[in-house]
Amino acid sequence: MQLYPLFADLADRPVLVVGGGDVAARKAAMLLRAGAKVTVGAPVLAPELRELLQQSRINYRAGSYQSDWQDGMWLVVAATRSRPLNRRIATEGHARQRLVNVVDDPALSSFQVPAVIDRSPLLVAISSSGVAPVLARRLRERIESLLDPALGSLLQLAQRYRTRIRQRHADLAARRRFYDWLHDGPVNALLRAAQPLQAERQLVEVLSRREVPAQQGSVVLVGAGPGDPGLLTLRALRALHEADVILHDELVNPQILDLARRDAVQIAVGKRGGGKHTPQSSIHALLREHAQAGRRVVRLKGGDPFVFGRGGEELVFLREHGIACEIVPGITAALACAAYSGVPLTHRDHAQSVRLVTAHCQQSLDTLDWAELARDRQTLAIYMGVATLDQLTRQLLAHGRDAETPFALIENGSLPSQRTLTGPLRDLPALAIRHAVRAPALLILGEVAGLAAASHWHGELLGGDAGRLADAA
Ligand code: SAH
């Protein structure tokens, strides 16, 4: 081990920062967070430091460095631009057994400051012994995304009740079970749901019992986005890391499932037109069975669970059966396909509103208000429409939508296999057949779609002016 790791309690202890620039300001701010009494010494101060001085949060030694600035200091940070000066500060400090950090200069330093993930009271600190600060920073970013922001509140709560927890569960094994319950159970869930009072009440209630409750199962309805794993939210990723069981739609990209906990059970509940079909009631039964067996279930859905995803029905079902439930939104196909084809869904000049529409089957087509949908200066984002493009086009034209209205039909949006087909409304069904467009595909119809030809940037672009049937004829 090249360095000895340690966490220093600097509360109310004097520390010295030499230097008045941005770097010194950052170091001072970090030390203040730990409650240190910070003295900054420099001829002039950067604006951030001046502000701290005005708020009386730091002491200030004006002028150039003097040896006696180090008197009474526990730690010294040298953050000046001059290496000879930094060296002098370090040499003088070390002669007096001070721990000195020279910023970005491990050779001159007797302590180094790690990259930190702060979920106080939990701190994760990473050091590469000064050899690879970039790696340490990257690792920090990774771990940062893995730890829920609510973790800090959970640990603070546990800290406040520590003595009572110890009294209630004197036995170590029972205490472990209690802490497992605390992390995996309703208290943490309530904190994540921004309900700290209820979380504390739940904790108090369980502490009044002799036994640690059996772990209750839960369900998280997670939006997996349109396909590109990069479009998952951090919360979705954390849910995948914690899941015991994953019930996923057929549409979910296998690369996303690869991000899940290795030993999680994965169950496909396919609902693809044509293929095998799991009725909604069986999905409900599966959710209930696994949750009631105490497992953490992730119900992973394409796009967003509440946009044509039947997430609403699943939520109602789970609540009816008293099963704890969280919802993690995902990027819905309309947003993803718009972004990945360079089509803004609204635009000051072209569209003041956007409608998400499903054109799934005859029944859904019959119930749509075509006169409304055919109005200009609005954008339609039509889901599940590939099989009904012909009827869709006829209805819109019959209700007065301009035949020249541009469309963008996006197949496999956000995936490497994405294709974007563009053209005028009147040619839509024929162009879709000519290019054999298949589900999943999303139709964007409206003035904004005319921007696709110029702004498209992902995957293959088909059609456009060259694809217009009228010109070809
Ligand atoms: N809940 C999902 C929608 C489910 S309905 C969401 O919010 O996106 C399924 C329909 O979504 C498909 O028929 C298709 O119209 C659309 N869709 C989903 N993923 C898509 C993708 N990657 N590219 C294009 N369309 C997609």
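Which residue in β5 does Leu75 stand opposite? Leu75 faces Leu99 across the two strands, and this pairing is one entry point to a predicted model. In this predicted model, local features need pLDDT of at least 70 and side-chain atom pairs count only at pLDDT 80 or more, whereas totals for chains, interfaces and linings use all residues. Residues are numbered from 1 along each chain as its sequence is written, and side-chain values use heavy atoms, with hydrogens and water left out.

The protein is divided into domain 1 (14-113), domain 2 (151-207), domain 3 (218-331) and domain 4 (334-472); such bounds come from an automatic or database domain assignment. Between the C-alpha centres of domain 2 and domain 3 the distance is 27 Å.

The strand pair that holds Leu75 and Leu99 belongs to a sheet. Strands, like helices, are DSSP runs numbered from the N terminus (E, at least two residues, for strands; H or I, at least four, for helices), and two strands pair if DSSP finds at least two bridges between them. β4 (residues 75-78) and β5 run parallel and are joined by four bridges. They form part of an open sheet of five strands with parallel pairing, in the order β3-β2-β1-β4-β5. At its edges stand β3 (59-62) and β5 (99-102); each has a single partner strand, so one side of each is left without a neighbour in the sheet. From one strand to the next the twist averages 20°, with axes taken as lines fitted to C-alpha atoms (for helices over the stretch in contact) and angles running from 0 to 180 degrees between N-to-C directions.

A charge-ring contact involves Trp74: Arg13 lies over the face of this ring, at 4.5 Å from the ring centre. The criterion for a charge over a ring is that NZ of Lys or CZ of Arg is within 6 Å of the ring centre and within 35 degrees of the ring normal.

An antiparallel pair comes next. Strand β6 (residues 115-119) pairs with strand β7 (residues 122-126) over five bridges in the antiparallel sense, and a hairpin of two residues joins β6 to β7. Within this pair, Asp118 has Leu123 in β7 as its bridge partner.

A nonpolar core is a set of buried Ala, Val, Leu, Ile, Met, Phe, Trp, Tyr and Cys residues joined through side-chain atoms within 4.5 Å; buried means under 20% relative accessible area, exposed over 50%, and partly exposed in between (1.4 Å probe, protein chains only). The largest such core has 24 residues, and those with the most contacts inside it are Phe178, Trp181, Leu182, Val187, Leu191 and Leu203. Two or more residues come from each of β6, α5 (151-160), α7, α8 (186-192) and α9 (196-207). Of these, α5 gives the most, with five residues.

A pair of aromatic rings is described by the distance of the centres and the angle of the planes. Rings of Phe, Tyr and Trp (its six-membered ring) pair if their centres lie within 6.5 Å; planes under 30 degrees apart count as stacked, over 60 as edge-to-face and the rest as tilted. The structure holds five aromatic pairs. One of them, Phe178 with Tyr179, is edge-to-face, at 5.9 Å centre to centre and 80° between the planes. Phe178 and Trp181 have ring centres 5.5 Å apart and planes at 40°, so this pair is tilted. Phe178, Tyr179 and Trp181 form one aromatic cluster. Both Phe178 and Trp181 lie in helix α7 (residues 172-184), three residues apart, about one turn of the helix. Phe178 counts as buried at 0% relative accessibility and Trp181 is buried at 3%, whereas Tyr179 counts as partly exposed at 26%.

The remaining sheet is also open, with five strands in parallel pairing and the order β10-β9-β11-β8-β12. Its edge strands, β10 (265-268) and β12 (324-328), each pair on one side only. Strand β8 (residues 218-223) pairs in the parallel sense with β12 over five bridges, with Leu221 opposite Ile327 and Ser218 bridged to Ala324. Six bridges join β8 to β11 (residues 296-301), again running parallel, and there Val220 stands opposite Val298.

Why is β8 described as largely enclosed? Six of the six residues of β8 are buried, so the rest of the structure largely encloses this strand. In a regular strand the side chains alternate between the two faces of the sheet. In β8, Ser218, Val220 and Val222 point one way, and Val219, Leu221 and Gly223 the other way.
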